[in-house]
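Please keep the sequence and the coordinates at hand while reading.

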Amino acid sequence: MKATISYTEISDWAGKRYHVAPTFKRVDDKSLEVSYKPNLFVPTIRVTFKIEAMRKDVVCLSYDCSTAVSLLINGAVEHLQDKIPHGIEVKPEDKRVNVYLDRMDKLKNALDYVAPTDITFSDEEVCLSLALL
């Protein structure tokens, strides 16, 4: 089974919820560049995420960015630590993000019925492959 979501849908959702409209660009099947232009006087912020590993219960990502953006991420993680959803572990010192799917309340029940097997990026959307249990 496959579930897809377009980059436009993600950007629209982020715009409505957080008043930020990121831009997404596929780098390869496992890598995605996310960019955001805060305003006219601040340069575009770019982060490239790569799917490093995936199991039924965890998705491991790495990210690559400039030193300035890395410092912004580090500061944001320190400042917003209590607001990061349960099950998401951000390690700025290693430039890694681990998403523990079985620790996320909204996904816990779904994992009794499906197991994620792959995530790929196309030019227009993110595709999540799932196996029925």
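This is a predicted model: local features need pLDDT of at least 70, side-chain atom pairs count only at pLDDT 80 or more; totals for chains, interfaces and linings use all residues.

Which residue in strand 3 is the bridge partner of K25? The bridge partner of K25 is E33, which belongs to strand 3.

- Six strands make up an open sheet, in which the order is 2-3-4-5-7-6 and the pairing is antiparallel.
- The edges of this sheet are strand 2 (23-28) and strand 6 (88-91), each of which pairs on one side only.
- From one strand to the next, the twist averages 25°.

**The nonpolar core**

- The largest nonpolar core contains 19 residues, and those with the most contacts inside it are Y7, L32, I51, V59, V99, I119 and F121.
- At least two residues of this core come from each of strand 3 (31-36), strand 4 (45-54), strand 5 (58-65), strand 7 (96-100) and strand 8.
- Strand 5 gives the most to this core, supplying four residues.
- Leaving aside residues up to four places away in sequence, V59 touches I51, A53, M54, V97, N98, V99, L101 and I119.
- In soluble globular proteins, nonpolar side chains generally tend to be buried together.

**Aromatic rings and a charge over a ring**

- The count of aromatic pairs in the model comes to three.
- One of them joins W13 and Y18 in an edge-to-face arrangement, with 5.7 Å centre to centre and 80° between the planes; this angle qualifies as edge-to-face because it is over 60 degrees.
- W13 is partly exposed, with a relative accessible area of 47%, and Y18 likewise counts as partly exposed at 47% relative accessibility.
- F49 and Y63 form a tilted pair, with 6.2 Å centre to centre and 55° between the planes.
- Separately, R103 places its charged end over the ring of Y100, at 4.1 Å from the ring centre.

**T117 in strand 8**

- T117 is part of strand 8, which covers residues 114-121.
- With a relative accessible area of 47%, T117 is partly exposed, because this class covers values between 20% and 50%.
- Apart from residues up to four places away in sequence, T117 touches M54, S129, L130 and A131.
- Although K2 and T117 are 115 residues apart along the chain, their C-alpha atoms are separated by 9.8 Å.

**S70 in helix 2**

- S70 is found in helix 2, which runs over residues 67-79.
- The relative accessibility of S70 is 16%, so this residue counts as buried.
- Once residues up to four places away in sequence are set aside, the residues that S70 touches are C65 and K95.

Definitions and conventions
Residues are numbered from 1 along each chain as its sequence is written. Side-chain values use heavy atoms; hydrogens and water are left out. Buried means under 20% relative accessible area, exposed over 50%, partly exposed in between (1.4 Å probe, protein chains only). Contact means heavy atoms within 4.5 Å. A nonpolar core is a set of buried Ala, Val, Leu, Ile, Met, Phe, Trp, Tyr and Cys residues joined through side-chain atoms within 4.5 Å. Two strands pair if DSSP finds at least two bridges between them. Axes are lines fitted to C-alpha atoms, for helices over the stretch in contact, and angles run from 0 to 180 degrees between N-to-C directions. Rings of Phe, Tyr and Trp (its six-membered ring) pair if their centres lie within 6.5 Å; planes under 30 degrees apart count as stacked, over 60 as edge-to-face and the rest as tilted. A charge sits over a ring if NZ of Lys or CZ of Arg is within 6 Å of the ring centre and within 35 degrees of the ring normal.
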